[in-house]
Amino acid sequence: MALSIFDIFKIGIGPSSSHTVGPMWAGHRFLNDLREKGILDSITSVRVGLYGSLALTGKGHSTDKAALLGLAGYRPDNIDPDAADQVFEDIVNKGVMMLAGEREIAFDYDSQMIFHYGEELEHPNGMRIYAADQNGIVVYYKTYLSVGGGFVVCADEFNAPAEAGKLEAVSSAPTVPYEFKTAAELLQLCKQHNLTIAELVFANEKALADGDMEQVNGKIDAIWEVMRNCIDRGLRMEGLLPVSNMKRRASTMYKQLLGSPEAMLKDHFAIMDWVTLFAMAVNEENACGGRVVTAPTNGAAGIIPAVLAYYTRFTNNVSEQGVRDFLATAAAIGMLYKMNATISGAEAGCQAEVGSACSMAAGALAAVMGGSINQVENAAEIGMEHNLGMTCDPIGGLVQVPCIERNGMAAIKAITATRMALRGDGNHEVSLDSCIETMYRTGLDLQSKYRETSTGGLAVFAKPQCVA
């Protein structure tokens with residue numbers, strides 16, 4: 001199946017791609033099903049059931065809010081983040097919802113938004129939506145699985161036999177000139193056709209866009225604009241993070257760094273402070289439900305923008321095309337994780353989110369810093385190798401602790417991985433493909449309490465004033 005840059009990088013709202021963006025798309029997709037069946041106008045009530053990680057950390061991740069916003073006709077890529085909370089509060093407090101934004105129906109939050117704690121569907125992130133008519137009879141229901149990075153599939157799609165899935169992909173997927181599934185195949189294609197990874201990805205994107213490269217560039221530029229705006233807003237905003245009431249730190253750090261410009265001359269590590277700040281600024285915005293780009297997830301959304309900001313602000317030979325090449329290369333690496341493992345913290349721990357983002361950022365930075373394709377692969381492998389085994393144990397079910405700081409640490413780690421790879425010749429002991437497989441197997445071995453359930457790890461031993 002041909003994945004696109006825009007499958008990996010999606011514009012949405014915080015705090016989680018799998019727990020917020022995915023469930024909102026599920027609600028939107030459910031509405032489309034009702035329309036296609038011609039029964040939308042006959043629906044007088046809906047009910048939502050959340051399972052697994054979506055139930056255990058749903059309130060902290062705003063899964064309930066997202067699902068209802070989707071059913072109310074909103075989409076994560078164009079909803080006003082500042083209006084989202086008010087819409088949700090109105091539904092809960094007034095007991096009514098504008099189904100599909102068109103017609104008012106009754107909705108009782110306590111009885112129609114159900115958290116099935118301790119129950120799990122085919123995937124750790126499962127949800128079911130039911131629609132009933134005026135007689136209270138359920139006329140349609142669907143099971144959705146939020147599989148990471150804002151990707152949502154129906155249970156029947158998830159459970160389709162492997163061969164049937166392959167046949168469907170062959171018949172329905174757009175044709176691209178350079179199909180690859182593994183890093184080895186990607187590198188071989190680049191060498192065979194004398195292309196960089198970015199050039200190969202752009203050739204595929206051009207095919208997916210029916211030859212309209214201007215459209216592709218415009219969409220990539222829009223992704224970077226949202227990332228930049230998210231950094232800038234995160235640097236300015238003050239106050240408290242939602243639910244936990246912890247103080248936002250990015251604005252204070254920003255003022256400190258601006259107040260000591262001479263530090264850049266005296267302290268060789270001052271640039272690291274800026275990179276850390278950029279990542280934390282994005283993830284504070286994410287924690288507050290702001291507009292972010294899944295990169296490849298919301299929980300890891302600060303890493304790639306921070307490393308890209310490092311490239312644009314602190315390196316030489318920066319160009320508009322360099323930014324596009326960075327994002328295209330990062331996306332290619334993200335596709336490898338999506339196709340061969342997972343980017344879901346609920347499925348494989350934080351190594352699948354922060355680890356994947358670190359790997360993507362490291363490989364992308366190596367590419368725009370002039371690295372060979374072997375050095376790019378090496379940087380990406382280093383970026384993941386030293387995140388293996390990382391648990392996902394958000395305190396209170398919130399994407400705040402340890403998530404915000406973890407993004408800052410991973411951004412620095414990505415830059416270090418790039419520098420290590422560029423100091424070498426591209427030859428290394430462990431391939432990226434092997435590292436991706438190891439990450440996935442490690443994730444499967446992790447106990448469920450370490451996979452975004454907030455029932456183990458830091459979530460148990462550290463208890464701030466926040467609740468799931």
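Helix H12 passes helix H14 in a left-handed crossing, where left-handed means that the near helix is turned anticlockwise from the far one by less than a right angle, and right-handed that it is turned clockwise. The model is predicted, with local features requiring pLDDT of at least 70 and side-chain atom pairs counting only at pLDDT 80 or more, while totals for chains, interfaces and linings use all residues. Residues are numbered from 1 along each chain as its sequence is written, and side-chain values use heavy atoms, with hydrogens and water left out.

**Helix packing**

Two packed helices are described by the angle between their axes and the distance between the axes. Helices here are DSSP runs (H or I, at least four residues), numbered from the N terminus; axes are lines fitted to C-alpha atoms over the stretch in contact, and angles run from 0 to 180 degrees between N-to-C directions.

| Helix pair | Angle between axes | Distance between axes |
|---|---|---|
| H12 and H14 | about 155 degrees | 9 Å |
| H18 and H19 | about 155 degrees | 7 Å |
| H15 and H18 | roughly 20 degrees | within 9 Å |

H12 (residues 250–259) and H14 pack at an angle of about 155 degrees, which makes H12 roughly antiparallel to H14, given that angles under 35 degrees count as roughly parallel, over 145 as roughly antiparallel, 65 to 115 as roughly perpendicular and the rest as oblique. Their contact (heavy atoms within 4.5 Å) is made by Ala250, Met253, Tyr254, Leu257 and Leu258 of H12 and by Asp273, Trp274, Leu277, Met280, Ala281 and Glu284 of H14. By class, these residues divide into nine nonpolar, no polar and two charged, where Ala, Val, Leu, Ile, Met, Phe, Trp, Tyr, Cys and Pro count as nonpolar, Asp, Glu, Lys and Arg as charged, and the others, Gly among them, as polar.

Helix H18 (residues 354–368) takes part in a pairing with H15 (residues 303–314) and in another with H19 (residues 373–385). The axes of H15 and H18 cross at roughly 20 degrees, and H15 is therefore roughly parallel to H18; the crossing is right-handed. Among the residues making this contact are Ile303, Val307 and Tyr311 of H15 and Ala357, Met360 and Leu365 of H18, and the contact has twelve nonpolar residues, with no polar and no charged ones.

H18 and H19, by contrast, are roughly antiparallel to each other, and their crossing is right-handed. Residues including Gly355, Ser359 and Gly363 in H18 meet residues including Gln375, Ala379 and Gly383 in H19, and this contact has eight nonpolar, six polar and one charged residues.

A search of the whole structure finds four cavities of 30 Å³ or more. On a 1 Å grid over the protein atoms alone, a cavity is a set of points where a 1.4 Å probe fits but cannot get out, a pocket is an open set with protein on both sides within 12 Å along at least five of seven lines, and lining residues have an atom within 4 Å of a point. Grid points are joined across faces, edges and corners, and a volume is the space filled by probe spheres set on the points.

The largest cavity has a volume of about 150 Å³; of its 16 lining residues, Gly299, Glu353, Cys392, Val399 and Cys403 lie nearest its centre. The second largest cavity holds about 50 Å³, and its lining includes Val376, Glu377 and Ala380, with H9 (183–193), H16 (320–340) and H19 each giving two or more residues.
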